[in-house]
Amino acid sequence: MLEVLDYIGLFAFAISGMLTAANRNLDILGGYIIAFITALGGGTIRDLLLNADVAWMTSLSQLLVVIAGATVGMIFRKKLRSWRRTLSIFDTVGISVFTILGVQKGLSLDALAITAVFLGMISATFGGLLRDVLCNEIPLIFKKEIYAIPCLLGGTFYFVGYYSGHGDTTWLLWSSMAFIIAFRTLAVLFSWKLPLIREFK
Amino acid sequence: MLEVLDYIGLFAFAISGMLTAANRNLDILGGYIIAFITALGGGTIRDLLLNADVAWMTSLSQLLVVIAGATVGMIFRKKLRSWRRTLSIFDTVGISVFTILGVQKGLSLDALAITAVFLGMISATFGGLLRDVLCNEIPLIFKKEIYAIPCLLGGTFYFVGYYSGHGDTTWLLWSSMAFIIAFRTLAVLFSWKLPLIREFK
Amino acid sequence: MLEVLDYIGLFAFAISGMLTAANRNLDILGGYIIAFITALGGGTIRDLLLNADVAWMTSLSQLLVVIAGATVGMIFRKKLRSWRRTLSIFDTVGISVFTILGVQKGLSLDALAITAVFLGMISATFGGLLRDVLCNEIPLIFKKEIYAIPCLLGGTFYFVGYYSGHGDTTWLLWSSMAFIIAFRTLAVLFSWKLPLIREFK
């Protein structure tokens, strides 16, 4: 089940990579490369930091899902623009799964609490960060949207739940994901933004 | 013999890094750093993804070849501009060797077929990608030239040959490299380009 | 003692990350992420290249020092601009410690001489390089300041001292750091610059 949600996230991220690449006028192969990096980049950085084997390297199904997402993004890119809201839902599901998977992987390798939460956020957001750097833009997560905050809070929620005796229960998993999805959805609906550094004090 | 070709590739990539750095008005050390990253970056990413030791870290000869290439690039940078076509030949030899070495390394570590081919392309092209990102440009391989396609096809050619019973024979190795070199040369001569994403359909 | 100096370096680098982020008009979380990457990025790349465990992943104290530095940077960012010179001193202490720690780590893992010196420079400067890439600027170390040269020379100094029979003595450590600090300070005071590539010959 978590696996299915992971695929939904990869699929949505691959579409978002392809659409960004189309906006920057890249060629088809460039679009696929950006789609791969958007979908798999966050998990790759997580695995490199953990000095663990990189997960997608041995997962044919993950690679095929990304190729499918990128292809759908290329073919339906005009229609997808009017489905923006639908896409954003998939994307939100994606970051919620990636966050929890990242925290879990950190926990399973005995990372510090704070490191595990960071790994969750990195899994969910650094693919998009690499996408933006490669497309020569200042990463979106630094500026315009509440993106990483739900990941940090949801990861903390999972972590606290885990160590307050709930263990790795299905219930904890779903409620953490629901927390991230709800928070992110409210942030989009009400255009929540973090204050800029220069607005501080 | 493959080692000599590897050095030719590193030498050509180091020159290309130094020339790009000169165009962006960097200082001498910046030129050397870009030369190193251009020449060794693709192989470094390949090794990190494979969770293997990074090859150049223990190879004095590779480091010296890169220093030599960068120095030649700096001293003869004006002449090299008129030798553009010659340079492009070295560069093409470089990507053909890097691709096959990448696929081989993937195979030797039991990667998936598709992953091994990707590793070949990454070895050959991601050094240039890092060069462009550091010089604040949208990577060339996403836009202007057929660069990565010969690597993907040549890597597949090698892979299929390998598993259709030819094993790691010299003959397979040379014919895969010849394939990449021929394809890339034709692409340059006839200005082949991939369609842009927005030209699709 | 070296640990305290390491913290001073992390603290100064975190401030510099936050100030750069403020200049680029990022939000608060973006500022913290840039601060982390500036302070810990160089050491992370060093550890990845060495195929070693990433140091900060298990160091709560390093993470807290970076958070403290970033917070100080955010709160006092206006005052810090007039303290530019003071900041530059911390920063210089930082690169001197990071360089020597990088060379030491290379030596302890039996790296080549040249690789160990490179690792020193990478530890000290690639955090700032990542900061600049993420803020969509051409890295500072390629252009405006003598930054990496003191690291390369100081790292070589340490290396030569180490193998000419001094071993890992306190005396060698301090004199290498003093060398880097003195060189870098003179470079700032007298506005030393490396020649551009196009000025060569």
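How much of the chain is helix and how much is strand over residues 146-165 of chain A, and how far apart are the end C-alpha atoms? Select that stretch: residues 146-165 of chain A are 90% helix and 0% strand, with end C-alpha atoms 30 Å apart. Helices here are DSSP runs of H or I with at least four residues, strands are runs of E with at least two, and both are numbered from the N terminus.

Some ground rules before moving on. This is a predicted model, where local features need pLDDT of at least 70 and side-chain atom pairs count only at pLDDT 80 or more, while totals for chains, interfaces and linings use all residues. Residues are numbered from 1 along each chain as its sequence is written, chains are lettered from A and ligands numbered from 1 in the order in which they are written, and side-chain values use heavy atoms, with hydrogens and water left out.

**Stop 1: the annotated stretches**

Now colour the segments that the unreviewed UniProt entry annotates as "transmembrane region" in chain A: 6-22, 29-49, 55-76, 88-107, 113-134, 146-165 and 171-192. UniProt positions follow the numbering used here, feature names are shortened, and annotations may be inferred rather than shown by experiment. Jump to residues 171-192 of chain A: they are 86% helix and 0% strand, and their end C-alpha atoms lie 28 Å apart. The unreviewed entry also lists "domain: Glycine transporter" for residues 4-77 and 89-161 of chain A. Select 4-77 of chain A and you get 80% helix, 0% strand, and end C-alpha atoms 24 Å apart.

**Stop 2: the axis**

Show chains A and B together. Rotating by 120 degrees, with 0.0 Å of shift along the axis, superposes chain A on chain B at an RMSD of 0.0 Å (least squares on the C-alpha atoms of residues with pLDDT of at least 70 in both copies). The two copies are thus related as by a three-fold rotation axis. To find that axis, pick Asn136(A): its C-alpha is the nearest to the axis in chain A, at 3.9 Å.

**Stop 3: chain A against chain B**

Select the contact residues (heavy atoms within 4.5 Å): 36 residues of chain A touch 31 of chain B. About 3000 Å² is buried between chain A and chain B, with carbon and sulfur atoms giving 70%; buried area is the accessible area (1.4 Å probe) that two parts lose on being put together, summed over both. The largest share, ten residues, comes from α2(A).

**Stop 4**

Which surfaces do the copies meet through? Only 11% of the interface residues of chain A are also interface residues in chain B, so the copies meet through different surfaces.
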